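Subject: Structure for you, with notes on what was found

Dear colleague,

Please find below the structure that I wanted to hand over to you. My notes come after it, and I would be glad if you read them beside the coordinates.

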Amino acid sequence: MLQGAAIAVPVMALPVEEWRLYAARRWAALEPVLRERLAAASLHDTLRLGCGLLRPEAAAVLRRLCRRARAGKEPAAARFYREEGNRFFGRRHYGTAVRLYSQAASHEPPGSPEVSVCFANRSAALFHLRCFEVCLEDIARAESHGYPDRLLPKVLLRKAECLLCLGRLQDAADALSVVENKIAMDGITTSPAHQTLLKKLSQLKIKIHEKERCPEPARETCGDVQRKSEIWEENDSISGASSSLSLNFDIERGRHLVASQDILPGQSLLKEEAFVSVLCPGESRLLQDSSETVWDTRVTNADLYCHRCLRQLLASVPCRGCSYTKYCSQSCADMAWEQYHRTECSLGALLLTLGVFCHVALRTVLLAGFAEVSRLVEWSHDDDKDLRNPEARCKHLSEAPDTRAGTRSIPGCNDNGQYQSSYQAVFNLLPHAEKHSPEHKFLCMLSVVAICKQLQEAGLEGAVLNRESSEKWSKPKTCEKTSGELSPELKTMAEAMLRHMLQLQCNAQAITVMQESGSGDSAVVNKKPVRLATAFFPVLSLLNHSCCPNISVSFSGTAATVRASQPIPSGQEIFHCYDQAIKMLLKCQMDAGNFLSPGHLLMGEMEDHLAQVYATLGKWQEAARHLERSIEIVEMHHGPSSVEMGHELFKLAQILFNGFAVSEALSTIQRAEEILSVHCGPQSTQMQELQEMKTCLSELPRSILQRT
C-alpha cells in the first residue's frame, strides 16, 4: 500500500475538500425542519429552497480556495517559464523546453510581442526535435502575433530549412528570397549576427541546388494499402449503433440494449461521439531535471492534451483569456470559444475548485442552449408522474402493439422513436436522486448555485442564455444587478446542472488513455490506463453494468467505439463493465488467491486498489469494505500501532467521511489520531485534516448521528 495516499473520487471530480467541509457545516447548521424538506424535495424544490442558503461568507471561502487554482494570465509567470525554457534549450533538453515555452505562451496576452517570442523560441526547440511541420506552424504564429521585425530573418531562415527538410524545395527557395529582400532592406552591416545570417543563407541556397540536381527518391506511402473495410449497417432507431442491436425497456433493467441477431467477437456495435467531455487535470509530473518553485514546472493532462478534442499536444495553442485551457489548433480554440469557453473562461479557478462534475454539468447546459434546457426542465415539472417515472411507464411499453410505438415511449427517444446522442437523451438519464444522501445533494446544490451566481455577477448571463454574440462577451462585464437572487432563467440552468451532477455519479464515462509511468529510462516501457476526461455518452449509458461484460470500449479522442469481446447470441443483453479497473482487479484477486495466502501483503494491496476504484465511483460502502480488509492485513504484518496502520486508517476515515458514515468515521478518526500523532506529530498535514473532519462531524445534529 502507498503510505499516506489519500483515496478520493475521480481526480477533482467533486469539489475540493475544504468546500465539502463548508457544505457539511452549513447542512448541520440548518433547522431540522428545513433539512427534512430538502431531503424529500424534488430537484426543482431543492433549488427553490436552497438558492438563498449560499451565504456571503461562502463567496469569501470560494475566493480563498480559488487563489490556489491559478488560471489567469500572469506576466511574472510568463517571464519565469520563458527563462526556464531558454535554460533547458541551452542544455539541449528540447522536449522540456517546448513544454516550458508553451506554459510561457499561455500566460502572455494574444497579439503581444512577448507571445510571439514564445512561439519563435518554441519553433527552435521543435526544429531540433525534427518536428518540422509543427515548427512551421509556430513560425506562422510568431509572425501573426507581431514578432519583432529585427529578429525576423533568423526565424525565416528556420522556416526555409524546415521546408528544405520536408522536400518542399520551391517553397524553401521562396522563403530564402523573402529573407534576402529583408536583409537588403535593412541595409549593409558588419555585425557578427548579420554575417552569421548571410553565411546560413548561402549554405541553404547550396543545399537547395544540390537537392534539385539530385532529387531524393519518392518515399513509399502506406496509403495504398487496402484495409479490409468493416461491415457496418447503421441502426435506424439508435444513433451510432449497429443494426444488430435493439433498444428494450423493462421494470427490472430499465433501458438496455439487446442483440437482435448473433454477434461475433470483434464486431463493432457502437460508434459514438461524446455529447460533452471535460479534461481531468490529472496528476502532476515533474519535467526533466526540474524542481518545485514558486511557479509550478510540473505537467498534467491539462498541458498534454487538447481541452476540446483530447488530441495529444506537442505545441499547444493557448486560450485568449486564461492560462489553463490549451488546444491542439486555432480551429479547436475558436470552436470551443464559440460553443462554451467564452462563458467558462473567467470561471477557470472556480471550476477547478468545484470539480470536474460541476464543470461537465455547466458545459452540458451551455452546449444544449437555454431554449432546449428550459423546454426539458419545464417538461420535467409536468404533473403527470409517469412522464418522470420511467418504471411506471413500463406497463405502457409492454402493452405497445408494435416495436416502433414502444420505442417512441422510451425516455430519451424523440417523437419518431429514435434514441439519438442528443441533449434530450442526456437529460433523460436517471439522476437517482433518491439514492443520493441529502448531504451530497446539498453539496451539489450549493456548488451549482455558486457557479450561477458567479455567472450573474460577472455579467455573463446573456452569453449563457444565448442572447449575445461571442464578440460582445469576449470580455465579461460587471453585472448591474446587486441583488443576490438568481434570475428565473439562471435558476432553470442551475436546476438542469444539479440534475447532471447527480446523473454523473452513475452515468459518467471515463475516457481513458494509456500513459507511460515511471522515468522512461527502463528497457521495458511501463504503461497504465489513465483517466483523461469525464464525459456523457447517452447511447453508451444504455448499457447496464456487469463484472463479466461481453463488450470492450476503446477511445479515440472524444469518440467511443464498442466491440463485442465474445460471441453474443441473439436476445442476450449487452453488458459493459463501468470501470475496467474493477474487472481487472477482481480477476487478479481471484487468480492470486490460487497461490497466495489470504493474509499476503499483495492481497492487501489489491484490496487497497479496489477501495480506491470504488471510491472513484462514489461507492463509499464498497470502498470501506475493501479497505477494512486491507487494514486487517496491514495490522497482521506491521502491527496495530505502526505508521502503516495510521496511514490506512487515515484513508478509511476519508472514505467514511465522504460517505457520511458519521459514527464510524469519528471512531476511525480517533484511532488514526492516536497512531499518527506518535509517528508524524500533532502538526502534520494528516493530523490537521483529521481534526477538520472531526470538527465538522461533531457539529452535526444528534438526529443525523443517530441516523448513521
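Predicted model: local features only at pLDDT ≥ 70, side-chain atom pairs only at ≥ 80, totals over all residues.

Residues are numbered from 1 along each chain as its sequence is written, and side-chain values use heavy atoms, with hydrogens and water left out.

**The chain as a whole**

The secondary structure comes to 30 helices and 14 strands, where helices (H or I, at least four residues) and strands (E, at least two) are DSSP runs numbered from the N terminus. Of the 708 residues in the chain, 52% are buried; here buried means under 20% relative accessible area, exposed over 50%, and partly exposed in between, with a 1.4 Å probe and protein chains only. Counting contacts (heavy atoms within 4.5 Å) between residues at least 6 apart in sequence, 67% join residues at least 24 apart.

**Nonpolar cores**

A nonpolar core is taken as a set of buried Ala, Val, Leu, Ile, Met, Phe, Trp, Tyr and Cys residues joined through side-chain atoms within 4.5 Å. The largest one has 125 residues, and those with the most contacts inside it are Trp19, Leu269, Leu362, Tyr423, Ile451 and Ile574. Helix α21 (residues 438-457) gives the largest share of this core, with eleven residues. A second, separate core holds 44 residues, including Ala97, Leu100, Leu163 and Leu197. As for Trp19, once its neighbours within four places in sequence are left aside, its contacts are Leu54, Ala58, Val61, Leu62, Leu65, Leu354, Leu443, Leu446 and Ser447.

**Aromatic rings and charges**

Rings of Phe, Tyr and Trp (its six-membered ring) are paired if their centres lie within 6.5 Å, and planes under 30 degrees apart count as stacked, over 60 as edge-to-face and the rest as tilted. By this rule there are nine aromatic pairs. One of them is the tilted pair of Trp27 and Phe442, with 5.3 Å centre to centre and 55° between the planes. This pair links distant parts of the chain, since Trp27 is in helix α1 (residues 17-29) and Phe442 is in helix α21, 415 residues apart, and both residues are buried. The pair of Phe89 and Tyr94 is edge-to-face, because the ring centres are 5.2 Å apart and the planes lie at 65°. Within that pair, Phe89 is partly exposed at a relative accessible area of 24%, while Tyr94 is buried at 15%. Phe275, Trp379, Tyr423 and Phe427 form one aromatic cluster.

A charge is said to sit over a ring if NZ of Lys or CZ of Arg is within 6 Å of the ring centre and within 35 degrees of the ring normal. Arg499 lies over the face of Phe427, at 4.2 Å from the ring centre, and the charged end of Arg320 sits over the ring of Trp337, 4.2 Å from its centre.

**A hairpin**

Strands β1 (residues 245-250) and β2 (residues 254-259) pair in the antiparallel sense over six bridges, where pairing requires that DSSP finds at least two bridges. The two strands form a hairpin with three residues between them, and Phe249 stands opposite Arg255 in β2.

Cys66 belongs to helix α4 (residues 56-66) and counts as buried at 16% relative accessibility. Its C-alpha atom is separated by 6.1 Å from that of Thr353, 287 residues apart along the chain.

His626 has its place in helix α26 (residues 620-638) and is buried, with a relative accessible area of 4%. Neighbours within four places in sequence aside, His626 is in contact with Glu607, Leu610, Ala611 and Tyr614. Gly639, which follows α26, has a positive phi near 100°.

For helix α28 (residues 662-679), the 18 residues should span 26 Å at 1.5 Å a residue, and the end C-alpha atoms are 26 Å apart, which agrees; the expected span is 1.5 Å times one less than the number of residues. The buried residues of α28 include Val662, Ala665, Thr668 and Ile669, and Gly681, which follows the helix, has a positive phi near 90°.

With best regards
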